[in-house]
Amino acid sequence: MSASPLSHLRVVELGSGDTLGYCGKLFADFGAEVIKIEPPGGDPGRGIPPLADAGAGRRESLTFAWLNTNKRSITADPEIPADAARILALLASADLLLDARHPDDIEASPISHPMLRANHPGLAVTAISRFGEHGPYRNYLATESVCRSLAGLVKLVGAVEGPPVLPRDGQV
C-alpha cells in the first residue's frame, strides 16, 4: 500500500474554530501529521453541543471529535514564555502553520507571523480569519449572520417587514 499523499507534511494548528478545525482535518485525512495546540483547559469547541459520553464522566462535542479525527493535541499557551518556546520548537520542524488567532493577538504574540517568516523561511504560514489579517475590517466580529448579510443571502429570505431570516444552505 502506498503512503498517503500528504504523509510527508507536519502541520500545526494554533487557535480554535470550525474553519481551522476543518482545514486541519483535510490535511490529516490525507495523511499529514497534524498537531493541534489547545489552550490550558482544552479547546472551547470541546463543549459545544451535541455532546456525547467521552468516558470517565466526561462529555465532549461530537463536532469537535469529527473535526479533530487523526490529529494529535498538546496543551500550550502561546502567551506563556515556556509554552511559546515549546510551540516555536514544534514549528521549527513543521511545514505549515494554520493560525486562527485574532490578528491583534498574532501581532502581540511572541509567535508573530513576521517573526516566523524571518526565522523559519521554509514554514508556510496561513492566517485563518473572516476579514483577513490586514484589511479595514480585520477587527470586526464575524458572526454567521454578518457573513450571510455581507454575501447578500439574507436579503433573499424572509418578509420585507420582518427580521432577516438565515437561509439553511451551508454557506458558512
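Tutor: In this predicted model, the largest nonpolar core has 15 residues, of which V12, I37, L91, L97, L116 and L123 touch the most other members. A nonpolar core here is a set of buried Ala, Val, Leu, Ile, Met, Phe, Trp, Tyr and Cys residues joined through side-chain atoms within 4.5 Å. Buried means under 20% relative accessible area, exposed over 50%, and partly exposed in between, with a 1.4 Å probe and protein chains only.

Student: Which elements give two or more residues to this core?

Tutor: Strand 1 (10-14), strand 2 (33-38) and helix 3 (81-92) do. Helix 3 gives the most, with four residues. Helices (H or I, at least four residues) and strands (E, at least two) are DSSP runs, numbered from the N terminus.

Student: What is L116 in contact with, leaving aside its neighbours within four places in sequence?

Tutor: L88, L91, L97, I111, P121, L123 and V125. Contact means heavy atoms within 4.5 Å. Apart from this core lies another, of ten residues, including A28, V34, L96 and L98. In soluble globular proteins, nonpolar side chains tend to be buried together.

Student: What ground rules apply to the numbering and the atoms?

Tutor: Residues are numbered from 1 along each chain as its sequence is written, and side-chain values use heavy atoms, with hydrogens and water left out. As the model is predicted, local features need pLDDT of at least 70 and side-chain atom pairs count only at pLDDT 80 or more, while totals for chains, interfaces and linings use all residues.

Student: Now the charged ones. Is E38 buried or exposed?

Tutor: E38 counts as buried because its relative accessibility is 3%. E38 lies in strand 2, and its side chain makes a polar contact of 2.5 Å with the side chain of S73. A polar contact is a pair of N or O atoms within 3.5 Å; within protein, one must be able to donate a hydrogen and the other to accept it, and residues adjacent in sequence count only if both atoms are side-chain atoms.

Student: What else is E38 in contact with?

Tutor: Leaving aside neighbours within four places in sequence, E38 is in contact with D43, R46, F64, S73, I74, T75 and A76.

Student: And D99, buried or exposed?

Tutor: D99, in strand 6 (residues 96-99), is at 0% relative accessibility and so counts as buried. Its side chain makes polar contacts with the side chains of R101 at 2.7 Å and H113 at 2.8 Å. Not counting residues up to four places away in sequence, D99 touches L14, L20, I106, H113, T126, A127 and I128.

Student: Change of topic. How much space lies in the largest pocket?

Tutor: About 530 Å³. Of the 20 residues that line the largest pocket, T19, I128, S129, R130 and A142 are the closest to its centre. On a 1 Å grid over the protein atoms alone, a pocket is an open set of points where a 1.4 Å probe fits, with protein on both sides within 12 Å along at least five of seven lines; lining residues have an atom within 4 Å of a point. Grid points are joined across faces, edges and corners, and a volume is the space filled by probe spheres set on the points.

Student: Where does the largest share of that lining come from?

Tutor: Helix 1 (residues 18-29), with three residues. The lining of the largest pocket divides into nine nonpolar, seven polar and four charged residues. Ala, Val, Leu, Ile, Met, Phe, Trp, Tyr, Cys and Pro count as nonpolar, Asp, Glu, Lys and Arg as charged, and the others, Gly among them, as polar.

Student: What about the second largest pocket?

Tutor: The second largest pocket holds about 260 Å³ of space. It is lined by 15 residues, with G17, D18, D43, G45 and I48 nearest its centre. The largest share of this lining, three residues, comes from helix 2.

Student: Last one, the backbone. Which peptide bond is cis?

Tutor: The bond from P49 to P50, with omega near 5°. P50 is in the loop between strand 2 and strand 3 (51-55). A56 has a positive phi, near 55°, and is not a glycine. Most residues other than glycine have a negative phi, and most peptide bonds are trans.
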